[in-house]
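Work through the exercises below with the model open beside you. Try each task before you read its solution.

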Amino acid sequence: MPAFPLFIDLTGRKVLVFGGGQVALRKIQTLLLFQASVEVSAPKLCEELEAMIDGGTVKKAEITINFDGEEVPSVMDVFMVICATDNEIFNHRMAKKCRDMQIPVNSATSATDSDFIFPSAVVRGDIVCGVTSSGNVPVLTKKIREMIDGALPEWYGELSRRLVYARLIVKNHIGSQKKRGELLRVLADYGLSHEGSIPDEIIWKEIQHAKEAGL
């Protein structure tokens, strides 16, 4: 069955990532786009992750994992866990431990060990497109993400910001919810045809037109 898409706020929430290679790096880079507080645990880290830790972007997790000796904390103060090592046995056992502790977990090596799918994401400001094949065909997911990435110009982020701003003004000056929607669609069309730019004078001009029409 396809996975249900769910978008959540990760701002300031602690995410623990196991793994120090390129897979972990890509996932951490995505998490940082959403302002997550990322900690990484691995016996060896790639150069990019070492640089992130040195720069304070990512923290090195002070946690010891030894399943044979059961040296896994009974409680981990984290919002979610990402198992991104290349060791399938470790990922499986860590995912099981997280589920026992009711911590949402994603395993890079097993969809069945995952409570959620880590999507391939395209981000333009507040605009987020998450792509997944429900964990079954990563190469197709990557191809689709690349298509979306090429189709969405960077200025879509600015367009989103301007429309949020315009919506606040329109809401204070146009009483009808239906007419507010119509006016915002006009402004969205303007922004789409002007590479995300919606000057204040255009916003006020459309509001004035609406008022003159008795809206």
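**Exercise 1: The surroundings of R124**

Leaving out residues up to four places away in sequence, R124 touches D149, L152, P153, E154, Y156 and G157. This is a predicted model.

Solution. 
- Step 1. Find the strand. R124 belongs to β6, which covers residues 120-124.
- Step 2. Check the accessibility. Buried means under 20% relative accessible area.
- Step 3. Look at the side chains.
- Step 4. Look at the backbone. A polar atom of the R124 side chain lies 2.8 Å from the backbone oxygen of L152.
- Step 5. R124 and E154 are 30 residues apart in sequence, and 6.1 Å separates them in space, C-alpha to C-alpha.

**Exercise 2: Aromatic pairs**

Task: How many aromatic pairs does a search of the whole structure find? Classify each by its ring geometry.

Solution. 
- Step 1. Count. The search finds two aromatic pairs.
- Step 2. Take F18 and F90. Their ring centres are 5.5 Å apart and their planes meet at 70 degrees. Planes over 60 degrees apart count as edge-to-face, so the F18 and F90 pair is edge-to-face.
- Step 3. Locate both rings. F18 is in strand β1 (residues 14-18) and F90 is in helix α3 (residues 88-100), so the pair ties together parts 72 residues apart in sequence. Both F18 and F90 are buried.
- Step 4. Take W155 and Y156. This aromatic pair is tilted, with 4.9 Å centre to centre and 35 degrees between the planes.
- Step 5. Check accessibility again. W155 has 22% relative accessibility and counts as partly exposed. Y156, at 23%, also counts as partly exposed.

**Exercise 3: The open sheet**

Task: In what order do the five strands of the open sheet lie, and which strands stand at the edges?

Solution. 
- Step 1. Read the order. The five strands run β3-β2-β1-β4-β5, with parallel pairing.
- Step 2. Find the edges. β3 (59-60) and β5 (105-107) each have a single partner strand, so one side of each is left without a neighbour in the sheet.
- Step 3. Inspect one pairing. Strand β2 (residues 37-41) runs parallel to β3, and two bridges join them.
- Step 4. Name a bridge. E39 has K59 in β3 as its bridge partner.

Technical notes: Residues numbered from 1 in each chain as written. Predicted model: local features only at pLDDT ≥ 70, side-chain atom pairs only at ≥ 80, totals over all residues. Heavy atoms only, no water. Phe/Tyr/Trp six-rings, centres within 6.5 Å; stacked < 30°, edge-to-face > 60°. Helix = DSSP H or I, 4+ residues; strand = E, 2+ residues; numbered from the N terminus. Buried < 20%, exposed > 50% of the residue type's maximum accessible area, 1.4 Å probe, protein only. Contact = heavy atoms within 4.5 Å. Polar contact = N/O pair within 3.5 Å; in protein donor to acceptor, adjacent residues only side chain to side chain. Pairing = 2+ DSSP bridges.
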